[in-house]
Amino acid sequence: MNEQILKVDKVEICTESFGNPENPAVLLIMGAMSSLDWWDEDFCIRLAEQGRFVIRYDHRDLGRSTIYTPGTSNYTITDLADDAIGVLDAYSIEQVHIVGMSLGGMIGQILALRYPERICSLTLIASSVFGTEMEKLPPMDQCILDYHSKSASIDWSNREEVVHYLAGGWKTLSGAKLYEQERVYKLAEREADRAKQLPSRFNHALLQGGDQYYDRSNEISIPALIIHGTEDPALPYEHGLALAKAIPHAKLITLDGTGHEIHSEDWEQMIKSIVEISS
């Protein structure tokens with residue numbers, strides 16, 4: 001594991017890499033309000049051991065990347081896509097395989113349209129179509145919104161309270177598979193210890209932009225893999241089905257009982273699939 005703080009177009013982006021830089025590159029893009037920590041280190045190592053150069057990074061307003069005042073909007077989803085390209089440029093990577101989770105999957109779609117010469121394949125985990133079609137699909141479970149509505153009462157200086165809150169947020173996203181409490185709490189502790197300013201994460205709720213890429217998933221011609229759980233409470237399974245239908249020739253892998261999560265029970269299947277599409 002190798003951490004670097006990169007200067008990307010006037011912002012700082014914290015990255016970590018795994019494996020041999022000479023191997024095919026895989027860029028892991030996490031979802032909204034989620035630092036690089038939620039790409040479990042063991043997951044990254046196992047993927048790297050399959051002959052891939054793996055990079056994970058903190059979006060703006062997360063982890064050790066550039067942060068802004070909580071409650072402000074300073075960038076668009078297109079800017080976040082450009083951040084990903086900036087990371088690749090800093091590593092001198094010309095072409096990459098994208099693996100995006102949730103919002104990261106939508107960023108991946110923008111990347112495939114905005115920088116088609118740079119993106120070799122897309123793996124979209126627990127994500128959705130980027131565009132107006134999403135409005136017709138089942139909404140997020142209200143319990144997730146209710147949980148995060150209580151964030152204003154969090155004492156962000158109290159580590160124990162913060163870790164409990166972060167871990168609890170992922171519990172609301174879990175499906176029918178056993179909630180991995182011990183692993184999730186360890187990841188929450190790492191995120192709490194690394195973050196410059198945890199309340200900045202909620203700036204992602206104000207994210208806009210990317211209108212020029214709406215409803216253009218059918219223009220994506222590179223290999224695409226859709227991985228979606230049947231018990232996803234944030235972006236229900238219908239979102240995965242719609243995404244697989246929208247992107248020509250996309251392959252769908254259904255994870256029975258999985259929620260809006262990267263459950264360790266699914267790692268083997270996920271890694272095998274990512275290796276296959278990036279070969």
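**A chat about a predicted model**

Modeller: Helix α3 is mostly covered, with eleven of its twelve residues buried. Keep in mind that this is a predicted model.

Biologist: Which elements do the buried residues of α3 pack against?

Modeller: The buried residues of α3 include Leu103, Met106, Ile107, Ile110 and Leu111. Glycines are buried there too, among them Gly104 and Gly105. The partners these buried residues of α3 pack against are β3, α2, β5, β6 (119–125) and α7 (237–246).

Biologist: How far apart are the end C-alpha atoms of α3?

Modeller: Start with what to expect: the expected span is 1.5 Å times one less than the number of residues. For the twelve residues of α3 (residues 103–114), that should come to 16 Å. The model agrees, as the end C-alpha atoms of α3 are apart by 16 Å.

Biologist: Let's turn to a strand. How many of the five residues of β3 are buried?

Modeller: In a regular strand, side chains alternate between the two faces of the sheet. In β3, Ala25, Leu27 and Ile29 point one way, while Val26 and Leu28 point the other way, and all are buried. Strand β3 (residues 25–29) is therefore largely enclosed by the rest of the structure, and its buried count is five of the five.

Biologist: What is the bridge partner of leucine 28 in β5?

Modeller: β3 also pairs with β5 (residues 96–101), in the parallel sense and over four bridges. In β5, leucine 28 has as its bridge partner valine 99.

Biologist: Is threonine 66 buried or exposed?

Modeller: Threonine 66 sits in the loop between β4 (53–57) and α2 (77–90). Leaving aside residues up to four places away in sequence, threonine 66 touches Val11, Glu12, Arg60, Asp61 and Lys196. Its relative accessible area is 16%, and the cut-off for buried is under 20%. So threonine 66 counts as buried.

Biologist: How far is the backbone nitrogen of glutamate 12 from a polar atom of the side chain of threonine 66?

Modeller: Glutamate 12 is one of the residues that threonine 66 touches. From the backbone nitrogen of glutamate 12 to a polar atom of the threonine 66 side chain, the distance is 2.7 Å.

Biologist: What is the phi of lysine 10?

Modeller: Aspartate 9 lies in the loop between β1 (2–8) and β2 (11–18), and lysine 10 has its place in the loop between β1 and β2 too. Aspartate 9 is exposed at 67% relative accessibility, and lysine 10 is exposed at 75%. Phi of aspartate 9 is positive, near 50°, in a residue other than glycine. For lysine 10, also a residue other than glycine, phi is positive and near 75°.

Biologist: How many disulfides does the structure hold?

Modeller: A disulfide is a covalent bond between the sulfur atoms of two cysteines. The structure's disulfide count is zero. Cysteine 120, for example, has its nearest cysteine sulfur, that of cysteine 44, 19 Å away, while the cut-off for a disulfide is within 2.5 Å. The number of disulfides is zero.

Terms used
Residues are numbered from 1 along each chain as its sequence is written. This is a predicted model: local features need pLDDT of at least 70, side-chain atom pairs count only at pLDDT 80 or more; totals for chains, interfaces and linings use all residues. Side-chain values use heavy atoms; hydrogens and water are left out. Helices (H or I, at least four residues) and strands (E, at least two) are DSSP runs, numbered from the N terminus. Buried means under 20% relative accessible area, exposed over 50%, partly exposed in between (1.4 Å probe, protein chains only). A polar contact is a pair of N or O atoms within 3.5 Å; within protein, one must be able to donate a hydrogen and the other to accept it, and residues adjacent in sequence count only if both atoms are side-chain atoms. Contact means heavy atoms within 4.5 Å. Two strands pair if DSSP finds at least two bridges between them.
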